[in-house]
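Here are my notes on the model, point by point. Please read them with the structure open.

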Amino acid sequence: MSSSEFSKSSPPETAWPVTDILLQAQQGDALAGDRLMALVYDELHAMAHGKLGFERTGHTLQTTAPVPEAYLKLVDQHRVGWQNRAHFFAVAAMAMRRILVNHAEARRAAKRGGNAAPLPLDDALAISTELSDERILSLNDALDRLQQFNQRGARVVEYRFFGGLGYDDIATTMGLSSVTVRRSWESARAWLRRELEADFVNGAG
Amino acid sequence: MNTPEKHSGAPSAERWVAIEAAFAQAASLTGDARIAVLRALDRDDATLAAEVRSLLVASEPWWLDNSVVEMPSTMDAMPERIGPYRLVRQLGRGGMGEVWLALREDADFRQHVALKIVRSGLETTELMAAFRAERQILASLNHPNIAHLLDVGQTPEGRPYLALEFVEGLPLNEYCDQNKLTVDERLKIFCTICYAVKFAHQNLVVHQDLKPSNIIVSATGVPKLLDYGIAKVLSPTSASGGNLDGVPMATPDAMTPEYAAPGQIEGAATTTASDVYALGVVLYQLLTGQLPYASGGKRGAMLERIREAPPRAPSLAVEGAQRSRLAGDLDAIVLRALGRTVGERYSSVEQFAADIERSLSSHPVSVRAHTVGYIAASLVHRHRLCGRCGTQSRGEPQTAGVEHGTDDSHKRPHTSRSTS
């Protein structure tokens, strides 16, 4: 697919801080991969503080924040093809996971210091549109455990939950069929749910 | 039964491959077929069977299904055209996919349509077959207060789409509130909606997902029902483990529970009586600004409330003059529509609407005891009102009969709406 179909206007080169590094990373430059992660992390972090309202909401994050448009702005759609974009979103998913986890840990530490009010019990699990720190942290731990025996499933969950990628996009990024991605997602999410419920029952959440 | 491999006891990578395969097989089946597979597994490897059962139980929708970021459904750009349609702008996005405003341009006619493009990852072949079948049925649904399904097709990437009549206006509640409609004006619009639903029922089509956001009122006060027949196509019966990626409506968990009749919530077949109930909720909300049951809190708890307790009367949900307006006929009518069992509800939308009209013209309504006192009171009231209330002609579809009076808030620009 030609990238010109994606965006009509042509912004100045400097508006795309990630593009060059992304292209280098795609060409197999391992160091560029790390730099890409760092850069995406910084950009998303700044964005998250501006857009997700970390400080404003106190102890929870609004989900489905309007990040994607800002995401898209990080990459020059004219120079980056579809596969590169998929790669970028995969990196962005990992960065988003780190941001959310770091943030939740920082706040938990602050609470231990006695600075913050206790977390309200989130009894609206199914309907809630807010994501508590505890949830992020338990999910992060459970994903690490999943990763031990099911690397593929853990990756799929990461791309989907933290990156918002669909089956097809994940399939492209991971070199799998969409059917396999879906199967992997469904079993991994069931396993995680069971794990997290055990967490909550055991009082860890 | 063996204990599943829980927490701390994570399986090996090899073991997981077997678990995933067995789980995927069981999850793809329903009913007896699933039970048969699990029984066979019990004989071969009871621990594996227990593990699979435990994962199936954990297969309900939950928060992980909603990504922390909302992405365009695919990263590849939408083409400029899909079939005969030129995409203009995105109107919305939801679990099912995206909705675009599109323009159909032929040699001698131009038409705006709402294109609903199903997102990738759904069962394309089945959906296309269901869409085509539904189009046959919906083609007969020619009514001025029902938005038309114009076309079905597939994008070049194979995603099914629906082309629907594009309706510009506001969702029912917003329209009524913005224009500060009186109770009577709201009831009149509501009756128009009822007659459209009745028309569909006569054509054997149940909406299944009636709610204010599916009822758009144009700037001139004409309501239109959106998404006729679509809920049905998108909710094939699927047991847990089937379509779990937050997709739609497949399980009771995924329907719009606030408007779903108690039976529907438990998975009973939807019938015209479910539409009566949903309309009852819509009317309740229209008159009180509240839902009959508090939403929020645990979903299970809410469903429990709907099953167990009758809702409080609409008049008790408001105060002052509005309370006395709703007390009596309107309370009785709304509560009748919200009957928990089919037998307790109006047996048709037509009866529901007829009672509202009787109440509007101060004739005795069917759901109140016809005591001499009640009939006499209606009579007196009717004669007192006589000068100002015109009789509403029944079954007149297009006019909402709304007068805006001196309030000019309706002149505010209306945003275009379509549901996603």
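In which hand of crossing does α6(B) pass α9(B)? The crossing is right-handed. The model is a predicted one, and the points below should be read with that in mind.

1. **The α6/α9 pair in chain B.** Helix α6 of chain B covers residues 183-202. The axes of α6(B) and α9(B) come within 11 Å and cross at roughly 165°. Angles over 145 degrees count as roughly antiparallel, so α6(B) and α9(B) are roughly antiparallel to each other. On the α6(B) side, the contact uses B:V183, B:R186, B:F190, B:C194, B:V197 and B:H201. On the α9(B) side, the residues are B:T272, B:D275, B:L279, B:L283, B:L286 and B:L287. By class, the residues of this contact are eight nonpolar, two polar and two charged.

2. **The largest nonpolar core.** This core holds 78 residues. The residues with the most contacts inside the core are B:L115, B:F190, B:C194, B:L279, B:L283, B:A337 and B:F352. Helix α9 of chain B, residues 272-288, gives the core its largest share, eleven residues. In soluble globular proteins, nonpolar side chains tend to be buried together.

3. **B:L283 as a place to look.** Which residues does B:L283 contact, once neighbours within four places in sequence are left aside? They are B:F190, B:V334 and B:A337. B:F190 belongs to the α6(B) side of the contact with α9(B). B:V334 and B:A337 are among the buried residues of α12(B).

4. **Helix α12 of chain B.** This helix spans residues 329-337 and is mostly covered. Seven of its nine residues are buried. They are B:D329, B:L330, B:I333, B:V334, B:L335, B:R336 and B:A337. Note that B:D329 and B:R336 are on that list. The cover over the buried residues includes α9, α11 (320-326) and α13 (349-360) of chain B.

5. **Helices α2 and α3 of chain B.** Two packed helices are described by the angle between their axes and the distance between the axes. Helix α2(B) runs over residues 31-44 and α3(B) over residues 46-57. Their angle is about 145°, and their axes are 6 Å apart. From α2(B), the contact takes B:L38, B:L41 and B:D42. From α3(B), it takes B:A46, B:L48, B:A49, B:V52 and B:R53. The contact residues divide into six nonpolar, no polar and two charged.

6. **B:Y85.** Is B:Y85 buried or exposed? B:Y85 has 23 C-beta neighbours inside 10 Å, so this residue counts as buried. B:Y85 lies in strand β2 of chain B, residues 85-93. Not counting residues up to four places away in sequence, B:Y85 touches B:A102, B:L103, B:R104, B:V113, B:L115 and B:A163. B:L115 is 30 residues from B:Y85 along the chain, yet their C-alpha atoms are separated by 8.6 Å. B:L115 is also listed among the residues with the most contacts inside the largest core.

7. **Two positive phi values to check.** Most residues other than glycine have a negative phi. B:L204 has a positive phi of about 65°. It is found in the loop between α6 and β8 (215-217) of chain B. B:L204 has 9 C-beta neighbours inside 10 Å and therefore counts as exposed. B:S362 also has a positive phi, near 60°. B:S362 lies in the loop between α13 and α14 (372-385) of chain B. With 19 C-beta neighbours inside 10 Å, B:S362 counts as partly exposed.

8. **The chains as a whole.** Chain A has eight helices and two strands. Along the sequence, they follow the pattern α-α-β-α-α-β-α-α-α-α. Of the 205 residues in chain A, 39% are buried. Chain B has 14 helices and nine strands. Of its 420 residues, 40% are buried. Take the contacts with a separation of 6 or more: residues 24 or more positions apart account for 69% of them in chain A. For chain B, the corresponding share is 64%.

How values were computed: Residues are numbered from 1 along each chain as its sequence is written. Chains are lettered from A and ligands numbered from 1 in the order in which they are written. This is a predicted model: local features need pLDDT of at least 70, side-chain atom pairs count only at pLDDT 80 or more; totals for chains, interfaces and linings use all residues. A nonpolar core is a set of buried Ala, Val, Leu, Ile, Met, Phe, Trp, Tyr and Cys residues joined through C-beta atoms within 7 Å. A residue is buried if 20 or more other C-beta atoms lie within 10 Å of its own, exposed if 12 or fewer, and partly exposed in between; C-beta atoms are placed from the backbone. Helices (H or I, at least four residues) and strands (E, at least two) are DSSP runs, numbered from the N terminus. Two residues are in contact if their C-beta atoms, placed from the backbone, lie within 7 Å. Axes are lines fitted to C-alpha atoms, for helices over the stretch in contact, and angles run from 0 to 180 degrees between N-to-C directions. Angles under 35 degrees count as roughly parallel, over 145 as roughly antiparallel, 65 to 115 as roughly perpendicular and the rest as oblique. A crossing is left-handed if the near helix is turned anticlockwise from the far one by less than a right angle, and right-handed if clockwise. Ala, Val, Leu, Ile, Met, Phe, Trp, Tyr, Cys and Pro count as nonpolar, Asp, Glu, Lys and Arg as charged, and the others, Gly among them, as polar.
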